[in-house]
Amino acid sequence: MMSRADGLVQRRNVNRDNTDGVSKENGQSAADKLDYEEDIDDGDSKETRLTLMEEVLLLGLKDKEGYTSFWNDSISSGLRGCILVELALRQRIELEKAGMRRKSLQMRKVIIKNETPTGDVLLDEALKHIKETNPPETIQSWIEYLSGETWNPLKIKYQLKNVRERLAKNLVEKGVLTTEKQNFLLFDMTTHPLTDNEAKVRLVKKVQDAVLSRWINDPHRMDKRLLALLLLAQASDVLESAFSPLNDEDYELATRRLRELSDMDLEVESMKGSTNDVIWAVFANFNK
């Protein structure tokens, strides 16, 4: 009888432990989901939610023509920076600890924080490359690898191809752009003119408000996603479409405030409070 009673007690303890384990696992999963949902919420759930990459591309696209400027040689690497920051905001990657010697942002390696797929093809492709790379690489290296701008033939396989076209197709699926064929004398090109003017207007207004009526003179009090959008749009040289409609006074104020962000000591900012080191490291790469 004692043996059976002990057995019953033991089994009851095992069940309780398993239940606790499931509860903790579900709780963690729910917390991760909540963090993600809060992170991508732009304040209006009825609006089409866009990733950082899609927002930067949309700012850079000519509305009627449906393609980016042929003279913009910054947007390619800028979009790769967006991918890294988006992964960080979704809690998938982070930088290694600075350590006692206080490694600089540019020297710290990118490591996996959570290898769960995001559901976005581009993000998951980049996440897979980062996960499979050992030893880890720096932010600068990953921007070069993902852009295909590396002299190392062993790293060419990490290049993300046709990024602009793939992002444009995402925007077509979301009803923001449409698809057309245009003839440029010597060749035909697929273009993606704007079809949802409201989406572009909302995006432009969000950028304008961030540096004018809703300006916060402290990047650590600013929404991380909005801060990243400002820094990455500037690095990608696509802010002119958002600032050109402004009057001279507002234009000067907006550009001055962006310069203030650019002139910050990024190493110092990355050590303050609750911050996302990947954002600062990506911008440091473009701001060197």
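Biologist: Which residue does glutamate 132 meet in a salt bridge?

Modeller: A salt bridge puts a side-chain nitrogen of Lys or Arg within 4 Å of a carboxyl oxygen of Asp or Glu. This is a predicted model: local features need pLDDT of at least 70, side-chain atom pairs need 80 or more, and totals for chains, interfaces and linings use all residues. Numbering starts from 1 along each chain as its sequence is written, and side-chain values use heavy atoms, leaving out hydrogens and water. At 3.0 Å, N to O, the partner of glutamate 132 is lysine 128.

Biologist: Which helix holds both glutamate 132 and lysine 128?

Modeller: Helices are DSSP runs of H or I with at least four residues, strands are E runs of at least two, and both are numbered from the N terminus. Glutamate 132 and lysine 128 sit four residues apart, about one turn. Both lie in helix 4.

Biologist: Is glutamate 86 buried or exposed?

Modeller: Buried means under 20% relative accessible area, exposed means over 50%, and partly exposed lies in between (1.4 Å probe, protein chains only). Glutamate 86 has 0% relative accessibility, so it counts as buried.

Biologist: How many residues apart are glutamate 86 and arginine 225?

Modeller: Glutamate 86 and arginine 225 form a salt bridge, with the closest N and O atoms 2.9 Å apart. The pair links distant parts of the chain: glutamate 86 is in helix 3, arginine 225 in helix 8 (residues 224-235). The separation is 139 residues.
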